[in-house]
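Okay, thanks for coming, everyone. I'd like to walk you through one structure today, so let me put it up on the screen.

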Amino acid sequence: MLWLKPTQETTEHTGSYYAATANWQTDYPPLKGEVQVDVAIVGGGFTGVNTALELSERGYKVALIEANRISWGASGRNGGQIIGGIGHNHEQFEKSIGKDGVKRIYDMGVECCEIIRERVAKYDIQCDLKWGYGDVAIKARHMREFAEFKEWQEKNGYPHDLEILDKQAIKDYVNSDNYIGGMINKNGYGHVHSLNLCIGEARVAESLGAQIFEQSRVTKIVHGALPEVHTEQGVVKAKYVVTCGNAYMGDLEPKLACKVLPSTSCVIATEPLSEAQIQQTLPADIAVCDPRTALDYFRLTADKRMLFGGLSNYTGLDPKDLVGTLRKKMLQVFPELANARIDYGWSGQMGIGINRLAQLGRLSDNVFYIQAYSGHGVAPSHMTARITAEMIAGHAERFDTFARVKHMSWPGGKLLRRPAMALGMMYYKILDEL
């Protein structure tokens with residue numbers, strides 16, 4: 001679910017479970033010389049790849065430019081959890097987008113998961129896609145919140161068949177004494193091998209005519225009637241540009257950098273578990289999140305490893321002992337895994353926005369941006385890609401719903417925004433414990 005970066009940055013993939021089990025290694029050429037297209041896309045994660053795919057399906061000539069490898073950043077390192085919804089509490093934006101706009105965003109929060117379902121089936125993408133998800137409760141108020149959410153879903157006609165389970169019944173899905181109950185979504189949410197999904201989608205985009213360039217860090221974007229995207233060895237001239245770098249954009253566009261805070265999360269993966277260990281932990285093979293601010297999230301991989309993530313923080317730093325720290329957290333949930341070997345550990349960046357709604361908008365008339373999924377981007381990135389492609393194709397209603405929402409800059413600038421946010425997160429962690 002949360003989006004990740006390596007401890008030691010290279011232009012190749014981090015040492016994650018995903019990279020070790022990828023279906024194939026991308027080897028697209030670097031950008032050299034001049035290329036002319038309809039749309040230039042900066043960033044080769046889920047957002048950029050799916051924007052390229054959506055536009056290629058519509059017949060546009062597209063160039064996708066990635067600084068490292070396709071799915072090198074967030075999209076190839078996250079928890080692999082397919083969860084609907086785009087941000088939360090959309091009623092706070094009613095003044096800007098109206099009741100119809102609020103309803104539109106809620107509807108897109110359902111559609112985003114269906115895009116993955118349909119795309120994997122249509123193009124036969126091999127990515128270990130499996131449906132089934134659970135929210136688990138630590139306190140009584142979490143159970144009340146689940147009941148309220150289920151009632152709201154049913155009242156508003158959303159299709160998810162949600163089931164609320166007590167402390168004993170939840171153990172059929174999450175066999176841990178840590179939880180007093182939970183809410184199960186059997187068919188609407190699920191989990192996936194993130195890297196294989198993203199590189200599979202890139203291959204589809206390429207088959208539809210998209211040009212993909214790796215190892216091509218963008219050095220500047222020149223705005224104008226025909227904007228240009230420059231790298232060290234080449235330039236793409238286009239009618240439109242879409243930036244999709246999220247937490248890895250750096251200062252390429254300063255107006256964007258101040259509205260997103262790159263924040264760290266970490267993941268480990270065990271050795272393959274025995275059938276007895278699976279029955280003691282996740283017997284129903286669903287993806288799981290707890291409801292805390294600095295949440296734990298976990299699932300089984302296709303080869304039956306426990307993939308366990310967490311340690312969310314806003315300092316931008318890894319813990320001194322990433323594997324040891326996360327292993328301790330995992331054993332608090334599943335002490336039965338005390339003898340399970342840890343085969344992989346990695347970390348990375350998620351882009352956080354202040355109001356937690358994905359940020360879409362215009363930097364100029366023909367330069368657009370998408371960013372800030374706040375640790376919840378696998379499915380929503382597919383939705384933001386679709387509505388950006390719709391907008392370029394002349395149907396801007398859904399894109400403009402997002403673009404009308406105003407996003408505050410993080411206070412304190414580069415020097416103070418991290419400590420300020422770390423203090424804020426500490427406050428919410430304390431609330432979680434009360």
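This is a predicted model: local features need pLDDT of at least 70, side-chain atom pairs count only at pLDDT 80 or more; totals for chains, interfaces and linings use all residues.

Arg341, at 46% relative accessibility, counts as partly exposed. Its partner is Glu271, and the closest N and O atoms of that salt bridge are 3.1 Å apart. Glu271 sits in strand β13, residues 261-272, while Arg341 is in the loop between α8 (322-333) and β17 (342-352), so this pair ties together parts that are 70 residues apart in sequence.

Next one: Arg362 and Asp400, whose side chains meet in a salt bridge at 3.0 Å, N to O. Here we go from strand β18 to helix α10, residues 397-403, so the parts being tied together are 38 residues apart in sequence. Arg362 is partly exposed at 40% relative accessibility, and Asp400 is partly exposed as well, with a relative accessible area of 23%.

There's also a network: salt bridges with shared partners join Glu54, Arg58, Glu111, Arg119, Arg386, Glu390 and Arg398. Let me pick out Arg58 and Glu54, which form a salt bridge with the closest N and O atoms 2.8 Å apart. Buried or exposed, what is Glu54? Buried, with a relative accessible area of 2%, whereas Arg58 is partly exposed at 35%. Overall, the count comes to 29 salt bridges.

Now the helices. The axes of α3 (residues 94-123) and α9 (residues 380-392) come within 8 Å and cross at roughly 95 degrees, and the two helices are therefore roughly perpendicular to each other. On the α3 side, the contact is made by Met108, Glu111, Cys112, Ile115, Ile116 and Arg119, and α9 brings Pro380, His382, Met383, Arg386 and Ile387. By class, that gives 7 nonpolar, 1 polar and 3 charged residues.

We have an open sheet of 6 strands with mixed pairing, in the order β8-β3-β2-β12-β19-β18. Which strands stand at the edges? β8 (211-213) and β18 (359-364), each with a single partner strand, so one side of each is left without a neighbour in the sheet. The twist averages 20 degrees from one strand to the next. At the β8 end, β3 (residues 62-65) pairs with β8 in the parallel sense over 3 bridges, and Ala63 stands opposite Gln211 in β8.

Key:
Residues are numbered from 1 along each chain as its sequence is written. Side-chain values use heavy atoms; hydrogens and water are left out. Axes are lines fitted to C-alpha atoms, for helices over the stretch in contact, and angles run from 0 to 180 degrees between N-to-C directions. Helices (H or I, at least four residues) and strands (E, at least two) are DSSP runs, numbered from the N terminus. Angles under 35 degrees count as roughly parallel, over 145 as roughly antiparallel, 65 to 115 as roughly perpendicular and the rest as oblique. Contact means heavy atoms within 4.5 Å. Ala, Val, Leu, Ile, Met, Phe, Trp, Tyr, Cys and Pro count as nonpolar, Asp, Glu, Lys and Arg as charged, and the others, Gly among them, as polar. Two strands pair if DSSP finds at least two bridges between them. A salt bridge is a side-chain nitrogen of Lys or Arg within 4 Å of a carboxyl oxygen of Asp or Glu. Buried means under 20% relative accessible area, exposed over 50%, partly exposed in between (1.4 Å probe, protein chains only).
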